[in-house]
Amino acid sequence: MNLRASILFASLAAACSQPTPPPPTDAGGDGSTMDAGSGDAGCVDESCTSPAFTRGTYGTNPRDLAGPFTVPTTAGPWTFEREFTGRDHYVFLVYTPGTFLYSDGSDLSQGLFEGAVDELLAASPRNVHYFFLWQRNEQGFNEFRDRATAAIDTLPADDQAHWRSRVHFVTQQASMVPGWLGNVIRSRASMRQVYIPFGTYQWAIDRNQRV
């Protein structure tokens, strides 16, 4: 794994392990507000609050409320609203080689997806879901998927069982995914916000359902 990919993987894992500050009050359609819970990102059992999936005004910017979506994966459809627990975090990484190049010619996406998934999982809190998607070069993404699956197969049996249900490989091109998830990619690709230069193709949802 190259240095930049190592740093990014480590940053993603570290971000998921940090306490989440309470989000701003969000008014739902019925005037109700969201219970932010304790913000304890280490909560992985029944000892913490598990709020119901929040309905309201959804958005695609940081701190916005994430909306419902269903995504096709190699293990079958995965539905955010149905799977939401109030205890898990969700990290999304999109394979899109050729989109972001450094001044030395190295490719951010290519370097990231050459990283070792077993190293990422070893450094990761266990209450995280990882979603890997592709926007460009489906064949290259499928090769990554095969390497990642093989890496998971080398983990201890308990870890294999744990991460197989939390590492998701999306089978549809990212910008074609319906619902809120596809909207994130389409809207960010059209705007290219300067404060999240790589945020079009990598972001997360915290356990409070916030981007």
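**Entry: the cavity**

I looked up the largest cavity, and about 40 Å³ of space lies in it. The model is predicted, so I note that local features need pLDDT of at least 70 and side-chain atom pairs count only at pLDDT 80 or more, while totals for chains, interfaces and linings use all residues. Residues are numbered from 1 along each chain as its sequence is written, and side-chain values use heavy atoms, with hydrogens and water left out.

A cavity is a set of points on a 1 Å grid over the protein atoms alone where a 1.4 Å probe fits but cannot get out; lining residues have an atom within 4 Å of a point. Points are joined across faces, edges and corners, and a volume is the space filled by probe spheres set on them.

The structure holds one cavity of 30 Å³ or more. Which residues line the largest cavity? I find Val94, Thr96, Phe100, Leu108, Ser109, Tyr201 and Gln202 there. This lining has four nonpolar residues, three polar ones and no charged ones. Here Ala, Val, Leu, Ile, Met, Phe, Trp, Tyr, Cys and Pro count as nonpolar, Asp, Glu, Lys and Arg as charged, and the others, Gly among them, as polar.

**Entry: the chain as a whole**

Along the sequence the pattern reads α-β-β-α-β-α-α-β-α-α-β-α-β.

Of the 211 residues in the chain, 49% are buried; buried means under 20% relative accessible area, exposed over 50% and partly exposed in between, with a 1.4 Å probe and protein chains only. I also looked at contacts (heavy atoms within 4.5 Å). Among contacts in the chain with a separation of 6 or more, 72% are between residues 24 or more positions apart.

**Entry: the open sheet**

What is the strand order in the open sheet? I read S5-S4-S3-S6, four strands with mixed pairing. Strand S5 (167-169) and strand S6 (202-205) are the edge strands, each pairing on one side only. Two strands count as paired if DSSP finds at least two bridges between them.

Strand S3 (residues 89-95) runs parallel to strand S4 (residues 128-134), with seven bridges between them. Valine 94 has leucine 133 of S4 opposite. S4 also runs parallel to S5, joined by three bridges. In that pairing, phenylalanine 131 has histidine 168 of S5 as its bridge partner.

I checked how enclosed S4 is: seven of its seven residues are buried, so the rest of the structure largely encloses it. Val128, Tyr130, Phe132 and Trp134 point one way from S4, while His129, Phe131 and Leu133 point the other way.

Helix H7 (residues 179-191) lies across S3, S4 and S6 at about 140 degrees to S6. Axes are lines fitted to C-alpha atoms, for helices over the stretch in contact, and angles run from 0 to 180 degrees between N-to-C directions.

In H6 I found Gln160, His162 and Trp163 buried. What covers the buried residues of H6 includes helix H4 (117-123), S4, H5 and S5.

**Entry: the S1-S2 hairpin**

S1 and S2 run antiparallel and are joined by four bridges. The hairpin from S1 to S2 passes through two residues. Threonine 73 has glycine 76 in S2 as its bridge partner. Strand S1 (residues 70-73) has Val71 and Thr73 on a covered face, and Thr70 and Pro72 on an uncovered one.

A pocket is an open set of grid points with protein on both sides within 12 Å along at least five of seven lines. Of its 15 lining residues, Thr74, Ala75, Arg164, Ser165 and Val167 are the closest to its centre. Strand S2 (76-79), H5, helix H6 (157-164) and S5 each supply at least two lining residues. I sort the lining into seven nonpolar, six polar and two charged residues.

**Entry: two positive phi values**

Most residues other than glycine have a negative phi. Asparagine 137, in the loop between S4 and H5, has a positive phi near 60 degrees. Asparagine 137 is partly exposed, with a relative accessible area of 40%. Glutamine 209, in the segment after S6, has a positive phi of about 70 degrees. Is glutamine 209 buried or exposed? I find glutamine 209 buried, with a relative accessible area of 0%.
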